[in-house]
Amino acid sequence: MLVNCTAYQDGRKIADLQVAQISEYLARKDCLVWVALADASEAELATMQAEFGLHELAIEDASHGHQRPKVEEYGDTLFVVLHTVQLNAVDQLQIGELDVFVGADFVLSVRKHSPQPLSGVRERAEREPHLLRHGSGYVLYALMDAVVDRYFPIIDLLETELEEVEARIFTRAAARGNIQRLYALRQRILTVRHAVAPLMDASAKLWSGRVPEVCSSNREYFRDVHDHLVRMNDTLNTLRESIGTAIQANLSMATIEESETTKRLAAWAGIFAVVTAMAGIWGMNFEHMPELKLTYGYPMALAAIAAAGLLLYYRFRRAGWL
């Protein structure tokens, strides 16, 4: 689906285009054509391939989707794949994809499986014609910056969730629930990291070493995006390590709780074993047992059993077993 098709000259919008007009405006000197598609069909991609002269392998990747974040060069054209990450209505991570084709005089963005639009990027660029004047490289930066900035609130949310679980680590009988939440959180962190880490490596190509021609005048902007990605990757690595520590702490707490339960059971078993042994001794019906002739033998036996039980209870209590 076509979202926008616009021509710019000297950083300012000059016309909204029909697809059939793209070639006409590409032929103009110092004219930039910026096209945005959402969930494009193969026919639409084929049309764009013909209009912009895109490489068939790049079009194949954009058509099939599910690509790893990357930056590839096809002659004078740059092909960039980004992953979009957002929360859906039930607070689950939804992963989309943004494929961007960049040439000297055009930008084509193809958004897939991402309900969150990028119209704000175009509006921002149009408010800053002195930056948009830098050409297609600046448009690529603006798109990457918008996608990367949307990672920050997701990572903040993951940090907050980890802090909530850590606050419950020493809550009694919470170990099982904590471990389940920690493993779910670890999976979400890995999902975000799969979007951040490859893009961090790929974005280095846009500002250091031999930089593609379309990005050469925007190195400092791409370095800023790369710095953000490095910070995010470090944060995600720290979160992974913290989750590992938290899981170990919860397993230790579960072991401690199990040990305490075992000690309680052993203490009560010891008390009842002594009481049962004493009752068993007085329950033997031999004829010549001296206690059988005592007037107060029965209450004295009960008192002895109770005293033994209370003594054991007191000792186990002092030892921390009860």
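A: What follows is a walk along the sheet, then to the helices packed on it, and then to some charged pairs. The model is predicted, and in it 7 strands form an open sheet with mixed pairing, in the order β2-β1-β3-β7-β6-β5-β4. At the edges stand β2 (12-16) and β4 (70-74), each of which pairs on one side only, and neighbouring strands are turned against each other by 20° on average, direction ignored. Within this sheet, β5 (residues 77-87) and β6 (residues 93-102) run antiparallel and are joined by 10 bridges, with L82 standing opposite L98 in β6.

Helix α3 (residues 56-64) packs on the sheet, where it touches β4, β5, β6 and β7 (106-112), and its direction makes about 150° with that of β4. Helix α8 (residues 175-203) also packs on the sheet, touching β4, β5 and β6, and its direction makes about 160° with that of β5.

Turning to charge, side chains of opposite charge can pair when their charged atoms come close. The whole structure holds 9 salt bridges, and one network of them links D61, K70 and E72. Another salt bridge joins the side chains of K13 and D16 at 3.1 Å, N to O; K13 is partly exposed, at 44% relative accessible area, whereas D16, at 53%, is exposed. The side chains of E164 and R181 also meet in a salt bridge, at 3.6 Å, N to O. Because E164 lies in helix α7 (residues 151-167) and R181 in helix α8, this pair ties together parts that are 17 residues apart in sequence.

How values were computed:
Residues are numbered from 1 along each chain as its sequence is written. This is a predicted model: local features need pLDDT of at least 70, side-chain atom pairs count only at pLDDT 80 or more; totals for chains, interfaces and linings use all residues. Side-chain values use heavy atoms; hydrogens and water are left out. Two strands pair if DSSP finds at least two bridges between them. Helices (H or I, at least four residues) and strands (E, at least two) are DSSP runs, numbered from the N terminus. Axes are lines fitted to C-alpha atoms, for helices over the stretch in contact, and angles run from 0 to 180 degrees between N-to-C directions. Contact means heavy atoms within 4.5 Å. A salt bridge is a side-chain nitrogen of Lys or Arg within 4 Å of a carboxyl oxygen of Asp or Glu. Buried means under 20% relative accessible area, exposed over 50%, partly exposed in between (1.4 Å probe, protein chains only).
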